[in-house]
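Here is a briefing on one protein model.

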Amino acid sequence: MVVRRDSAVGEQNSGGGKKPAKEAKGAAVKKAAAKKTAVKKASSAVKKSAPAKKAPVKKATVAPKKATAAVKGVPAAQPVAKPPTGESHTALVRRARRINRELADVYPYAHPELDFDNPFQLVIATVLSAQTTDLRVNQTTPALFAKYPTPEDLAAANPEEVEEILRPTGFFRAKTKSVMGLSKALVEQFGGEVPGRLEDLVKLPGVGRKTAFVVLGNAFGRPGITVDTHFQRLVRRWQWTDQTDPDKIEAAVGALFPKSDWTDLSHHVIWHGRRICHARKPACGACPIAPLCPAYGEGETDPEKAKKLLKYEKGGFPGQRLKPPQSYLDAGGKPAPPLGA
Ligand code: SF4
């Protein structure tokens, strides 16, 4: 099962080019490899998947030695040889899964960033997350669910009062219509319960496949890949796929990982996109997976400057959820402030 959401897995190809061993002799790699065992391991991984052809990366391809050493909670970056292009499928699978494992180490507490206590709250919050941030939704839904805790309550609400509550999320009139229509359908067609099947969810007004899969993946434990804007950007940077169509990205990435990894993979990728690998200014100099990334150098490579680009808990700031899981708090994460705080 694959999920779409806007908000919102070696061996080398035998084709020509320099041998990986030559790559390993690059001065930067040698310097860093001599210093740390971990660096040696990373360097080896890059060698295995080193490019047969010149990589399409114009900027520096060697990570600075101190890339992330000063970033709390982020493992030290390791040197990068040339980016892995021309990989075999097997090599790509290995590199993709290694990236996911590295990200799991960096974000062991990764979770959906919408606050919810039950499937009803999640489906409503996901509908509201269109064209706004999860933070803004999380700051808005406490008042909504306090006043209308069930589908029955929301279906019978005064639309103008709902609009006032939803105003901070933008497009509040359309969103009011959506969530009230959705609630009415839940009451009339599903006894006031959110159904746990894709074919039922997509029949609900305002619920497309992307929202349905977010709900199934996070409220019903059914594996799904959430292809939001972060996911699309990062998997292309990592050359997991060159597809641009979300459906094709889902299929291509889904083929690299076992289904059981899909939901957590989605969280890891999206978390990395929100915290480190930003759209405009990726913090390459503070990135723990730099050795595995063909796009290293697209963003700031100076460790100190890169550190200043980090967001949320990696930058020492609050997260998006007002009620994050305990694992996040235990790791030093801070809850987001309520609206107006
Ligand atoms: S920040 Fe993004 S582009 Fe830069 S090295 Fe990390 S994953 Fe690659």
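Two residues are in contact if their C-beta atoms, placed from the backbone, lie within 7 Å. By that rule, and leaving aside neighbours within four places in sequence, Cys293 is in contact with Arg237, Trp238 and Cys287. This is a predicted model: local features need pLDDT of at least 70, side-chain atom pairs count only at pLDDT 80 or more, and totals for chains, interfaces and linings use all residues. Residues are numbered from 1 along each chain as its sequence is written.

**Confidence and overall make-up**

- The average pLDDT of the protein is 81, and 75% of the residues score at least 70; pLDDT is the predictor's confidence in each residue, from 0 to 100.
- Residues 1-84 have a pLDDT below 50. Beyond near neighbours in sequence, this stretch still has 215 contacts in the model.
- Where pLDDT is low, the predicted coordinates should not be read in detail.
- The protein holds 16 helices and 2 strands. Helices (H or I, at least four residues) and strands (E, at least two) are DSSP runs, numbered from the N terminus.
- Of the 341 residues in the protein, 49% are buried. A residue is buried if 20 or more other C-beta atoms lie within 10 Å of its own, exposed if 12 or fewer, and partly exposed in between, with C-beta atoms placed from the backbone.

**Nonpolar cores**

- A nonpolar core is a set of buried Ala, Val, Leu, Ile, Met, Phe, Trp, Tyr and Cys residues joined through C-beta atoms within 7 Å.
- The largest core has 37 residues. Val235, Trp240, Ala283, Cys287, Ile289 and Cys293 have the most contacts inside it.
- Helices α4 (89-106), α12 (229-237), α13 (246-254) and α14 (262-275) each supply at least two residues of this core.
- A second, separate core has 32 residues, including Val137, Val179, Met180 and Leu204.

**Ligand shell**

- The shell around the ligand has 14 residues, where a residue counts as near if its C-beta atom, placed from the backbone, lies within 6 Å.
- Cys277, Pro282, Cys284, Cys287 and Cys293 come nearest to the ligand.
- By class, the shell has 11 nonpolar, 1 polar and 2 charged residues. Ala, Val, Leu, Ile, Met, Phe, Trp, Tyr, Cys and Pro count as nonpolar, Asp, Glu, Lys and Arg as charged, and the others, Gly among them, as polar.
- Cys287 and Cys293 are among the residues with the most contacts inside the largest core, and both are also among those that come nearest to the ligand.

- Helix α5 (residues 119-128) is mostly covered, with 8 of its 10 residues buried.
- The buried residues of α5 are Phe120, Leu122, Val123, Ile124, Ala125, Thr126, Val127 and Leu128.
- Their cover includes α6 (134-147), α7 (151-155), α8 (159-166), α9 (172-190) and α11 (209-219).
- Helix α9 has 19 residues and reaches 26 Å from its first C-alpha to its last. That is close to the 27 Å expected at 1.5 Å a residue; the expected span is 1.5 Å times one less than the number of residues.
- Buried residues in α9 include Lys175, Val179, Met180 and Leu186. Their cover includes α5, α7 and α8.

**Helix α12 and its surroundings**

- In α12, His230, Phe231, Gln232, Leu234 and Val235 are buried. Among the elements covering them are β2 (226-227), α13 and α14.
- Gln239 follows α12 and lies in the loop between α12 and α13. Gln239 is not a glycine, yet has a positive phi of about 60°.
- Gln239 counts as buried because it has 20 C-beta neighbours inside 10 Å.
- Ile249 sits in helix α13. Ile249 counts as buried, with 22 C-beta neighbours inside 10 Å.
- Not counting residues up to four places away in sequence, Ile249 touches Val227, Gln232, Val235, Thr241 and Gln243.
- Ile249 and Val235 are 14 residues apart in sequence and 8.3 Å apart in space, C-alpha to C-alpha.

**Partly exposed residues**

- Arg97 is in helix α4. With 17 other C-beta atoms within 10 Å, Arg97 is partly exposed.
- Arg97 and Leu265 are 168 residues apart along the chain, and their C-alpha atoms are separated by 9.3 Å.
- Gln131 lies in the loop between α5 and α6. Gln131 is partly exposed, with 13 other C-beta atoms within 10 Å.
- Gln131 also has a positive phi of about 60°, although it is not a glycine.
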